[in-house]
Amino acid sequence: MEPGFDLLSPLNRIRFVAFDTETTGLWAASNRIVEVGALAFDLEGRDIAMFTELVNPGRPIPGEVVSIHRITDSMVSDADPVGPVLARFFDFCGPDSVLIAHNAPFDISFIAWEIRRNNLPLPENPIVDTRDLARYLEPDLPSYSLLSLALKLELADSQVHRALGDADLVSLIFLKLIGMTREFTTISELFETIGVYKFADGAQVVTELPPEFDSLAAAIRDAATIEIRYAKPGQPIQTRPIRPIHIHRLGQNLYLNAQCLLAHDERTFRLDRILSWRPLKS
């Protein structure tokens with residue numbers, strides 16, 4: 001599907017949508033979204049529209065995460081689940097927008113996994129990462145975090161860690177960075193220089209494994225329970241009963257997503273850190 005705009009369109013004719021998510025944890029394969037926020041704007045810095053919704057993740061939000069974004073279980077108890085919220089978010093974006101995120105692979109991975117879980121249509125919008133843009137224009141900065149860039153560019157002195165507030169900060173950083181250069185006149189020039197992401201890049205489930213993982217693949221296929229011995233750096237070897245769900249790739253590593261019967265929740269295990277596994281009786 002082609003985007004709803006001409007790749008040779010001048011930047012000042014593009015509708016941009018900065019977006020951000022807040023989540024229950026760091027791993028998209030085993031955590032959930034609790035908030036989606038977005039701000040539509042143009043190159044003149046005019047806010048065209050905004051989108052903000054809490055999401056009921058269907059599970060408790062860990063206390064250490066609540067301490068960051070301040071979103072509690074009671075705040076999301078009456079919110080819609082993620083499927084309807086994302087459907088409305090995609091409608092808000094429309095096919096004619098270029099999406100903007102900071103550390104885009106993080107938000108893309110969470111949205112992509114929810115697209116997969118909820119059988120939603122896959123949006124084709126191109127996604128630009130303000131972190132990549134900052135690295136290109138300012139290659140010697142000590143940090144490219146959202147707050148570090150906001151401080152460096154004198155846009156804010158704090159970060160709210162809420163989806164709409166952070167999306168607003170992303171839009172300001174994008175506009176400030178674009179204003180620092182005359183190198184990009186069309187959207188195509190921007191894509192070709194710093195790269196572009198798609199939601200299709202996010203949920204990379206691996207369906208074929210090397211022969212040494214045949215028994216693990218069979219456990220996934222049969223929804224069987226297995227016991228793994230897992231070596232986590234700096235910690236004693238753990239023995240855990242799990243029910244494997246799928247294997248996915250992130251960067252150069254493979255990860256096993258599984259229902260952990262000790263934690264009573266989904267967990268993610270790096271495949272090369274699983275020392276051994278054996279079947280358990282159901």
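So, the hairpin of S9 and S10: four residues sit between the strands, and His 264 takes a positive phi near 55°. Strands here, like helices, are DSSP runs (E, at least two residues, for strands; H or I, at least four, for helices), numbered from the N terminus. S9 covers residues 253–260 and S10 covers residues 265–270, and they pair antiparallel over six bridges. Pairing, by the way, takes at least two DSSP bridges between two strands. Tyr 255 has Arg 270 in S10 as its bridge partner.

Quick word on the source: this is a predicted model, so local features need pLDDT of at least 70 and side-chain atom pairs count only at pLDDT 80 or more, while totals for chains, interfaces and linings use all residues. Numbering starts from 1 along each chain as its sequence is written, and side-chain values use heavy atoms, with hydrogens and water left out.

Okay, on to the sheet. We've got five strands in an open sheet, order S3-S2-S1-S4-S5, with mixed pairing. At the edges are S3 (47–54) and S5 (127–129), each pairing on one side only. On average, neighbouring strands are turned by 25° against each other, direction ignored.

Looking at S2, residues 33–41, seven bridges join this strand to S3, and the two run antiparallel. One to look at there: Gly 37 has Thr 52 in S3 as its bridge partner.

Now the helices. H4, residues 104–118, lies across S1 (15–23), S2, S4 (97–101) and S5, at about 75° to S1. Then H8, residues 187–194, packs on the sheet, touching S1, S4 and S5, and makes about 55° with the direction of S5. Contact means heavy atoms within 4.5 Å; axes are lines fitted to C-alpha atoms, for helices over the stretch in contact, and angles run from 0 to 180 degrees between N-to-C directions.
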